[in-house]
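Student: I have a structure open and have not looked at it before. Can we go through a few parts of it?
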Amino acid sequence: MTALVNQWGQPLRKELLTREVAGPSISGVRSPIAGYPSDGLTPTRLAEILREADMGEPLRYFELAEIIEERDPHYAAVLQTRKRSVAQIDVTVEAASDKPEDVARAELVREWLGRDELADETFDMLDAIGKQISFTEIIWDVSEGQFWPERLEWRDPRWFTFDRKDLKTPLLRGGVEGSGQHTGQPEPLPAFKFITTQIRAKS
């Protein structure tokens with residue numbers, strides 16, 4: 001039987017869908033306390049931060065982007081305007097055909113999209129506008145024996161890095177909790193557990 005995999009080739013592991021795997025930890029590498037790379041910032045240090053990000057180590061870039069958003073009211077207002085204009089767009093769903101199963105599937109998706117939380121969750125995903133990428137963990141509800149996305153939880157981009165081989169495959173810093181191979185090293189994101197939003201500044 002062929003395993004179900006995500007776009008990066010990671011197989012579906014149901015046991016990882018039943019728990020949060022990317023939450024903060026005070027004692028680990030996913031600390032909610034950020035650094036301040038803007039303190040004493042010089043052109044040389046800024047060039048180093050940008051070079052690190054280009055080479056797949058975006059930690060200080062994400063910290064700097066967050067500080068700029070917090071300290072520059074005009075920049076923050078421009079980002080807020082763009083995020084809100086997208087987050088408030090009405091989403092429509094059409095059934096693929098008139099077949100009862102297609103109509104039922106479309107109604108299931110409409111029901112989920114009708115949640116009050118969706119606009120806020122979309123707003124959080126659009127954190128990618130200022131940072132080029134954002135990560136959202138899908139918290140699945142399995143209480144009734146089926147998998148249903150209960151909520152979408154924004155995760156701090158500082159907790160992620162990229163595979164040095166291709167500079168594209170996202171990795172979770174500190175490893176995936178409950179994966180059975182937890183090494184403390186960055187690990188690939190579990191399949192069907194994250195939404196990765198990318199905003200491209202160029203092609």
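Student: Where is the place of Ile139?

Tutor: This is a predicted model. In it, Ile139 sits in strand E1, which covers residues 133-141.

Student: Buried or exposed, that Ile139?

Tutor: Ile139 is buried, because its relative accessible area is 8%, and the cut-off for buried is under 20%.

Student: What does Ile139 touch, leaving out residues up to four places away in sequence?

Tutor: Ile139 touches Glu20, Trp148, Pro149, Glu150, Arg151, Glu153, Arg155 and Lys193.

Student: Ok, on to Gly23. Where does Gly23 lie?

Tutor: Gly23 is in the loop between helix H1 (14-17) and helix H2 (43-54).

Student: And is Gly23 buried or exposed?

Tutor: Buried, with a relative accessible area of 13% for Gly23.

Student: Which residues is Gly23 in contact with, neighbours within four places aside?

Tutor: Gly23 contacts Arg30, Glu137, Arg155, Trp159 and Glu177. From Gly23 to Trp154 the C-alpha distance is 9.7 Å, and the two are 131 residues apart in sequence.

Student: Switching to helices. At what angle do H4 and H6 pack?

Tutor: About 135°, with the axes of H4 (residues 73-87) and H6 (residues 118-125) 9 Å apart. That makes H4 oblique to H6. The crossing of H4 and H6 is right-handed.

Student: Which residues meet there, between H4 and H6?

Tutor: From H4, Gln80, Lys83, Arg84 and Ala87; from H6, Ala119, Thr122 and Phe123. The residues of this contact between H4 and H6 comprise 3 nonpolar, 2 polar and 2 charged.

Student: Which residues in H6 are buried?

Tutor: Leu118, Glu121, Phe123 and Met125 are buried in H6.

Student: What covers the buried residues of H6?

Tutor: The cover includes H4, helix H5 (100-113), helix H7 (128-131), E1, strand E2 (148-155) and strand E6 (194-198).

Student: Last topic, the open sheet of 3 strands. What order does it have?

Tutor: The order is E3-E4-E5, and the pairing is antiparallel. Strand E3 (160-162) and strand E5 (187-188) are at the edges with a single partner strand each, so one side of each has no neighbour in the sheet.

Student: Over how many bridges do E3 and E4 pair?

Tutor: E3 pairs with strand E4 (residues 170-172) over 3 bridges, in the antiparallel sense. Thr161 has Leu171 in E4 as its bridge partner.

Methods:
Residues are numbered from 1 along each chain as its sequence is written. This is a predicted model: local features need pLDDT of at least 70, side-chain atom pairs count only at pLDDT 80 or more; totals for chains, interfaces and linings use all residues. Side-chain values use heavy atoms; hydrogens and water are left out. Axes are lines fitted to C-alpha atoms, for helices over the stretch in contact, and angles run from 0 to 180 degrees between N-to-C directions. Helices (H or I, at least four residues) and strands (E, at least two) are DSSP runs, numbered from the N terminus. Angles under 35 degrees count as roughly parallel, over 145 as roughly antiparallel, 65 to 115 as roughly perpendicular and the rest as oblique. A crossing is left-handed if the near helix is turned anticlockwise from the far one by less than a right angle, and right-handed if clockwise. Contact means heavy atoms within 4.5 Å. Ala, Val, Leu, Ile, Met, Phe, Trp, Tyr, Cys and Pro count as nonpolar, Asp, Glu, Lys and Arg as charged, and the others, Gly among them, as polar. Buried means under 20% relative accessible area, exposed over 50%, partly exposed in between (1.4 Å probe, protein chains only). Two strands pair if DSSP finds at least two bridges between them.
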